[in-house]
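Open the model in your viewer and keep the selection tool at hand. We will go from stop to stop, and each stop says what to select.

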Amino acid sequence: MPEPTPFHDRDGFIWLDGELVPWRDAKIHVLTHALHYGSAVFEGERAYAGEIFKLSEHSQRLIDSAKGLDFEVPYTVEQIDKICRDVVAANNLSDCYIRPLAWRGSEQIGVSAQATKIHLSVAAWEWGSYFPMEQRLKGIRLTMAKYRRPDPATAPSKSKAAGLYMICTIEKHRAERAGYADALMLDWRGRVAECTGANIFFVKDGVIHTPDPDCFLDGITRRTVIDLAKKRGYEVIQRAIMPEELSDFSEAFLTGTAAEVTPISEIGEHRFKPAEICETLLNDYMALVQPARKAAE
Ligand code: PMP
């Protein structure tokens with residue numbers, strides 16, 4: 001594999017604690033609480049033709065995620081929205097990914113972190129399809145993860161918290177090593193939950209089924225796609241889905257800011273054929289997020 005350009009060594013500007021700084025200068029100290037204790041929350045957003053999709057929902061989720069970790073982001077939704085837009089503009093980006101991050105600083109190292117200051121950074125970079133387009137239309141192959149999404153009584157499972165991605169990275173690596181694109185995670189009860197960075201949907205007899213997001217992220221893309229499906233007249237059932245049911249479904253797909261709508265061809269021994277519903281919702285989603293591009297076609 002070619003070496004990707006490392007993220008610390010790029011041109012451009014990153015917003016850090018109140019100002020846009022040259023990309024390579026956006027640094028923190030090794031004795032930063034977040035690095036040791038996982039006290040960080042983040043967002044993942046996409047801009048299409050310069051417009052950040054559902055920006056305020058992401059900014060609000062960042063604030064809510066931090067509350068789940070017992071800290072306050074010292075900015076309002078409106079301020080975070082503006083910072084994100086400024087970063088996209090400062091880097092001359094049009095179609096890109098935006099990464100806000102809020103974390104506890106270096107004033108205190110220990111389990112108690114009451115004295116730490118809260119920091120905020122926002123970076124943005126050009127980013128195409130999460131999964132290559134030709135692979136996406138064929139459907140991606142998933143394996144089953146071993147780790148499970150935690151019980152809300154065990155972790156702040158509704159926060160987009162850095163620490164919750166520890167098991168996602170382990171599972172993504174396990175999947176990639178075995179030749180799969182991603183892994184499907186069950187929840188703590190053994191129900192189908194989500195993938196390592198995206199929500200999941202299934203189709204049976206023309207009806208859409210998706211797990212209740214009661215212990216994982218109720219994705220902004222997930223909610224958008226449910227609305228699009230309902231607009232098309234499809235019935236959408238949110239319910240507990242057991243892994244034994246996977247053989248009953250004809251289509252399956254992932255949703256997420258990065259993944260957008262990505263059809264699935266395989267989960268372990270189960271096979272799916274991306275068909276009408278995958279295609280319709282993938283097209284509807286892309287048409288919704290890319291009005292400028294769509295109009296130019
Ligand atoms: N679940 C996980 C674990 C994720 O990382 C993401 C991506 N943020 C999602 C679901 C989908 O969320 P969204 O549609 O808001 O990007």
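**Before you start**

This is a predicted model, in which local features need pLDDT of at least 70, side-chain atom pairs count only at pLDDT 80 or more, and totals for chains, interfaces and linings use all residues. Residues are numbered from 1 along each chain as its sequence is written, and side-chain values use heavy atoms, with hydrogens and water left out.

**Stop 1: the ligand**

Now look for polar contacts. These are pairs of N or O atoms within 3.5 Å; within protein, one must be able to donate a hydrogen and the other to accept it, and residues adjacent in sequence count only if both atoms are side-chain atoms.

- Select Glu 194: an N or O atom of its side chain is 2.5 Å from a nitrogen atom of the ligand.
- Select Lys 160: a polar side-chain atom lies 2.8 Å from a nitrogen atom of the ligand.
- Select Ile 220: here a backbone N or O atom lies 2.7 Å from an oxygen atom of the ligand.

How much of the ligand's accessible area does the protein cover? On its own the ligand has 380 Å², and the protein covers 95% of that. Accessible areas come from the Shrake-Rupley method with a 1.4 Å probe; for residues, only the protein chains shown count as cover.

**Stop 2: a cluster of rings**

Next, select Phe 7, Tyr 97, Trp 125 and Trp 127. Ring pairs link these four into a cluster. Rings of Phe, Tyr and Trp (its six-membered ring) pair if their centres lie within 6.5 Å; planes under 30 degrees apart count as stacked, over 60 as edge-to-face and the rest as tilted. The count by this rule is 9 aromatic pairs.

Zoom in on Tyr 97 and Trp 125. Their ring centres are 5.4 Å apart and their planes stand at 50 degrees, so this pair is tilted. Tyr 97 belongs to strand E6 (residues 96–104) and Trp 125 to strand E7 (residues 118–126), so the pair ties together parts 28 residues apart in sequence. Helices (H or I, at least four residues) and strands (E, at least two) are DSSP runs, numbered from the N terminus.

Are these two residues buried or exposed? Tyr 97 counts as buried at 7% relative accessibility, and Trp 125 counts as buried at 15%. Buried means under 20% relative accessible area, exposed over 50%, and partly exposed in between (1.4 Å probe, protein chains only).

The ring centres of Tyr 97 and Trp 127 are 4.8 Å apart and the planes are at 80 degrees, so the pair is edge-to-face. Trp 127 sits in the loop between E7 and helix H4 (133–138), 30 residues from Tyr 97. Trp 127 is partly exposed, at 30% relative accessibility.

**Stop 3: charges over rings**

A charge sits over a ring if NZ of Lys or CZ of Arg is within 6 Å of the ring centre and within 35 degrees of the ring normal. Select Arg 10: it lies over the face of Phe 7, 3.8 Å from the ring centre. Then select Arg 141, which lies over the face of Tyr 180 at 4.5 Å from the ring centre.

**Stop 4: Arg 46**

Select Arg 46 in strand E4 (residues 45–48). Arg 46 is buried, with a relative accessible area of 4%. Its side chain reaches the backbone oxygen of Ala 258 at 2.7 Å and that of Trp 127 at 3.2 Å.

**Stop 5: two positive phi angles**

Most residues other than glycine have a negative phi. Select Lys 54, where phi is near 50 degrees. Lys 54 lies in the loop between strand E5 (51–52) and helix H2 (55–68). Finish at Glu 260, with a positive phi of about 55 degrees. Glu 260 is in strand E15 (residues 260–267) and is buried, with a relative accessible area of 4%.
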